[in-house]
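Me: I'm new to reading protein structures. Could you walk me through a few features, please?

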Amino acid sequence: MSVVASGSPSATATTRPSTAGPAAPGTSTRPSTGTPTGTARGSGPGRPAVDWRIRFGALSLIWGFSFLFIKLGTDGFAPLYVSFGRVFFGALVLVAILAVKRQRLPRGARTWGHLAVAAFLLNALPFSLFAYAELTISSTLAGICNATTPLWGMILSLVALSEDRPTRRRFAGLGLGFIGVLTVLGAWQGFDGQDPTGTLLALIASLSYAVGWIYVRRTLSDTGNSHLSMSGAQLLLATAQLAVVAPVFSPLPTSFPVVPVLSIVALGALGTGLAFLFQYGLVAEVGPTTATMTTYFIPVIATAAGVALLDERLTWNTPVGALIVLAGAALTQGGSRAKAPRRPGN
């Protein structure tokens with residue numbers, strides 16, 4: 001869902017768009033330097049030819065279908081190669097656009113070092129965990145687990161973001177989200193029918209997004225580089241990381257079935273590359289708060305795609321639990337109180 005290459009997974013804790021994956025509302029929507037978040041909708045001579053609502057819908061569809069593409073990709077390739085293909089094709093798209101726009105990659109060893117950590121937390125690790133998770137759980141459940149990222153972000157904000165003091169509303173959202181997760185998993189049935197390992201991997205992937213966004217906020221919010229440049233560099237680093245790791249844990253592919261290959265290409269080029277461009281434009285045009293609302297549509301689209309195209313079974317508790325999770329995530333987006341400065345002697 002980073003400044004820099006979502007979700008995953010989006011406008012992140014620094015409000016910069018991400019190619020990591022789906023957006024995660026609730027971290028922060030404070031504008032960062034150089035990001036035209038206050039631009040009036042459709043104003044100015046540079047008004048996009050395509051209405052922002054259409055691009056918003058396209059972005060929601062792309063990220064909603066990402067979980068279906070992961071499932072199809074794992075039908076032909078080991079999870080690590082699905083993740084490698086995802087960042088590889090995403091990086092190709094962004095590097096090509098960098099070349100067209102004649103922009104350079106970031107400079108400085110310190111920046112690249114922070115980007116390497118961000119690439120691991122926001123791309124290599126969560127992408128791989130979701131791919132492994134979908135070996136044993138449905139793409140529908142994976143999409144719903146992804147929606148827990150704002151809940152993880154709120155938990156982490158208690159210890160990692162000292163300037164954010166969560167309100168009662170946000171605490172209520174956290175509790176509601178937890179109830180939603182238990183509803184999706186059918187806790188009253190002893191989680192019958194759900195693979196605990198796969199579900200745990202998907203939840204850890206969502207946690208990784210939250211950790212990564214906090215890391216980015218603290219280390220890469222003011223580098224002076226463009227969003228496109230930072231995201232391209234991050235995906236290149238994630239590609240290098242998985243190129244090293246994948247052959248160590250999984251044998252090289254010996255065949256390339258058409259459907260899994262096309263799914264991985266779509267997952268990378270659309271869900272990790274092109275989605276960045278859509279999100280970047282939306283953040284600039286309508287602001288990060290509106291742009292990150294795609295998160296609330298992703299589980300719905302992932303569920304519809306899984307049921308309609310993969311014949312995944314859907315019981316009443318899955319959509320009901322998903323709605324509860326999303327309601328909790330929406331509550332965690334409520335404003336946080338700035339922590340008052342300590343007075344001398346306190």
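Predicted model: local features only at pLDDT ≥ 70, side-chain atom pairs only at ≥ 80, totals over all residues.

Me: Which residues make the nonpolar surface patch?

Reply: Residues are numbered from 1 along each chain as its sequence is written, and side-chain values use heavy atoms, leaving out hydrogens and water. A patch is built from residues with over 30% relative accessible area and no salt bridge, joining nonpolar side chains (Val, Leu, Ile, Met, Phe, Trp, Tyr) within 5 Å and like charges within 9 Å. Accessible areas come from the Shrake-Rupley method with a 1.4 Å probe, and for residues only the protein chains shown count as cover. Here Y132, L135, V244, V245, V248 and F249 make a nonpolar patch of about 590 Å².

Me: Where does the largest share of that patch come from?

Reply: Helices (H or I, at least four residues) are DSSP runs numbered from the N terminus. Helix α8, residues 227-249, gives the largest share, four residues. V244 lies in helix α8.

Me: Is V244 buried or exposed?

Reply: Buried means under 20% relative accessible area, exposed over 50%, and partly exposed in between (1.4 Å probe, protein chains only). V244 has 59%, so it is exposed.

Me: How many salt bridges does the structure hold?

Reply: Side chains of opposite charge can pair when their charged atoms come close. A salt bridge needs a side-chain nitrogen of Lys or Arg within 4 Å of a carboxyl oxygen of Asp or Glu. This structure holds one: R53 pairs with D51, with the closest N and O atoms 3.2 Å apart. R53 is exposed at 51%, while D51 is partly exposed at 29%.

How values were computed
Helix = DSSP H or I, 4+ residues; strand = E, 2+ residues; numbered from the N terminus.
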